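Thank you all for coming; I would like to take a few minutes to walk through one structure with you. Please have a look at it first, and then I will go through it piece by piece.

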Amino acid sequence: MGEDGVGSIYFQGTDPIENRQVGGGQFIQLKDQEKVIVFFVTPMEKLVSVYEHFWQDPGSEESGKSYTCIREGCPMCQAGNKPRYVTMAVVYNIEEKKVQVLKMGIKFWKNQVEAFKAYGSANDRPYQIKRTGEGFNTSYHTISLEKSEMPKIEGEVPDLMELIKALSREELAAIVGGSRDNSGGGSQGNNELAPY
Ligand SMILES: [Zn+2]
């Protein structure tokens, strides 16, 4: 699992292979009833999809983090954590005048891609995205707004491929092993995991 594997995981529809932990305030996070107006900066053929684990160390107060699933021999999969298929795009948050990353599940993107295709572009108008509900009842409603020029982007545009870069199997195993050690026992048997 070299760093080189990363090039093979992007473009919508391909099975992502490698990835790494992502986090921080650059991701758009909406609460129930919250909405945001964004301009998609990433062209539709450059959307990036990966399998991603959300891993929370049970022995820690810290909130969990996302890690790219490395698929083959993935320690998090082996520990019973199911990866989620997510797709990301760089967006420009119009109200906050800020470049951010929008990461959403397949349901959101099915509709979104349909809109992009109907317009022939992902980048010719802003969209309002609103969240309703929480947990498993969360849904997102998107409205296409009037066609307009992409606003002048202030701030650096993040490299999605860099964001999803995978940790090595060893690093993932260390995180899984660390969680197990801190949990005070009682977690499901993942003894088959090699310590390296
Ligand atoms: Zn995995």
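Predicted model: local features only at pLDDT ≥ 70, side-chain atom pairs only at ≥ 80, totals over all residues.

Among the contacts in the protein with a separation of 6 or more, 68% are between residues 24 or more positions apart, where two residues are in contact if their C-beta atoms, placed from the backbone, lie within 7 Å. Residues are numbered from 1 along each chain as its sequence is written.

The protein has four helices and seven strands, and from the N terminus on the elements run β-β-β-α-β-β-α-β-β-α-α; helices (H or I, at least four residues) and strands (E, at least two) are DSSP runs, numbered from the N terminus. Of its 196 residues, 29% count as buried, a residue being buried if 20 or more other C-beta atoms lie within 10 Å of its own, exposed if 12 or fewer, and partly exposed in between, with C-beta atoms placed from the backbone.

Let me turn to strand β4. Which strands does β4 pair with in the antiparallel sense? Among them is β1 (residues 35–40), over three bridges, with V38 having N93 in β4 as its bridge partner. Strand β2 (residues 48–55) also pairs with β4 in the antiparallel sense, over five bridges, and here S49 stands opposite T87. With β5 the antiparallel pairing runs over eight bridges, and V90 has V101 in β5 as its bridge partner; in each case two strands pair if DSSP finds at least two bridges between them. Seven of the ten residues of β4 are buried, so this strand is largely enclosed by the rest of the structure.

What does M76 touch, not counting residues up to four places away in sequence? The residues are H53, W55, Y67, C69, N81, L172 and V176.

Now to the loops. Most residues other than glycine have a negative phi. K97, although not a glycine, has a positive phi of about 50°, and K97 sits in the turn of the hairpin that β4 and β5 form with four residues between them. Is K97 buried or exposed? K97 is exposed, because 12 other C-beta atoms lie within 10 Å. R71 is not a glycine either, and has a positive phi of about 60°; R71 is placed in the loop between β3 (65–68) and α1 (75–78), and counts as partly exposed because there are 19 C-beta neighbours inside 10 Å.

Finally, T138 lies in the loop between β6 (126–132) and β7 (139–144), and T138 is partly exposed, with 14 other C-beta atoms within 10 Å. Leaving aside neighbours within four places in sequence, T138 is in contact with R131 and G133. T138 and D32 are 106 residues apart in sequence and 7.9 Å apart in space, C-alpha to C-alpha.
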